[in-house]
Amino acid sequence: MKAVPLVTAFLLTLATTAWAQENNVAPTINSNFKSAELDVESWATRFTGESREVFHARHDVVKALQLKPGEAIADIGAGTGLYTRLFAGAVGPTGHVYATDIAPPFLAYIAANAKKDGLKNVTTIQGGDRDTNLKEASVDVAFSSDVYHHFEYPLTMNASIRRALKPNGRLYVLEMEKSGSQTAHVRAPKPDVIAEIEKSGFKLVEQVPVPGLKDNYLLQFRKSS
Ligand SMILES: C[S@@+](CC[C@H](N)C(=O)[O-])C[C@H]1O[C@@H](n2cnc3c(N)ncnc32)[C@H](O)[C@@H]1O
């Protein structure tokens, strides 16, 4: 009976080794964020525009995650911290938010705002394009908003997120539909996103219904055993 988890662990180890060779699937997607000219204030304005669905629906998204006081959550690809600050309130002073990003100026902006707002439960972490740099089994929840199609090495990132999650941890992916004006920008349609994440050692729990989401969707995953 114990053979199944062992076999799964072995296959995941093999897969992780193979993914070390993963090709960059979107080499230019983060050019803006890697630029030395990154204008943080202008991105902050853009990320918090009322016409942006993931901003407009932010309170319903947070509600849908059913965060509990005391939980640790990673906001992966936090940008200018739209969700980070909401999570800080939701998990409370006994919980913690780890805001990761590949862009140091975004992290500096988040840290400065957290200090200004007296949020002591926010830590910023410099992520790499293949690694969250979160500690192993350190978070109850991993979340990303509008980031999955920005992963240049999605399978490698998924494996890194899996390592960072506690055994019963939940992964939420808030992602754009590959349709309409975003057809060219978004790499993979929803079924492919689900397939990639499941291939990385997760099982889809559900597409979480969120009022106000039309061009974006929220998926919940758990680690598969
Ligand atoms: C479109 S922005 C979304 C920002 C924020 N999550 C929001 O919804 O406002 C995408 C973010 O993903 C970050 N990013 C891209 N690849 C990443 C990776 N491998 N790890 C962490 N962050 C990444 C970018 O630097 C950028 O801040």
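Tyr172 is in contact with Leu65, Val141, Phe143, Leu218, Leu219 and Gln220, leaving aside its neighbours within four places in sequence. Contact here means C-beta atoms, placed from the backbone, within 7 Å. This is a predicted model: local features need pLDDT of at least 70, side-chain atom pairs count only at pLDDT 80 or more, and totals for chains, interfaces and linings use all residues. Residues are numbered from 1 along each chain as its sequence is written.

**The strand around Tyr172**

Phe143 stands opposite Tyr172 in strand β5. Nine of the 12 residues of β5 are buried, so the strand is largely enclosed by the rest of the structure. A residue is buried if 20 or more other C-beta atoms, placed from the backbone, lie within 10 Å of its own. Strands are DSSP runs of E with at least two residues, helices are H or I runs of at least four, and both are numbered from the N terminus. Strands pair if DSSP finds at least two bridges between them.

| Partner of β5 (residues 165–176) | Sense | Bridges |
|---|---|---|
| β4 (residues 139–145) | parallel | six bridges |
| β7 (residues 216–223) | antiparallel | seven bridges |

On the β7 side, Leu174 stands opposite Leu218.

**The core**

Which residues touch the most other members of the largest nonpolar core? They are Ile73, Ala74, Val139, Ala142, Phe143 and Tyr172, out of 51 residues. Such a core is a set of buried Ala, Val, Leu, Ile, Met, Phe, Trp, Tyr and Cys residues joined through C-beta atoms within 7 Å. In soluble globular proteins, nonpolar side chains tend to be buried together.

Technical notes:
Two residues are in contact if their C-beta atoms, placed from the backbone, lie within 7 Å.
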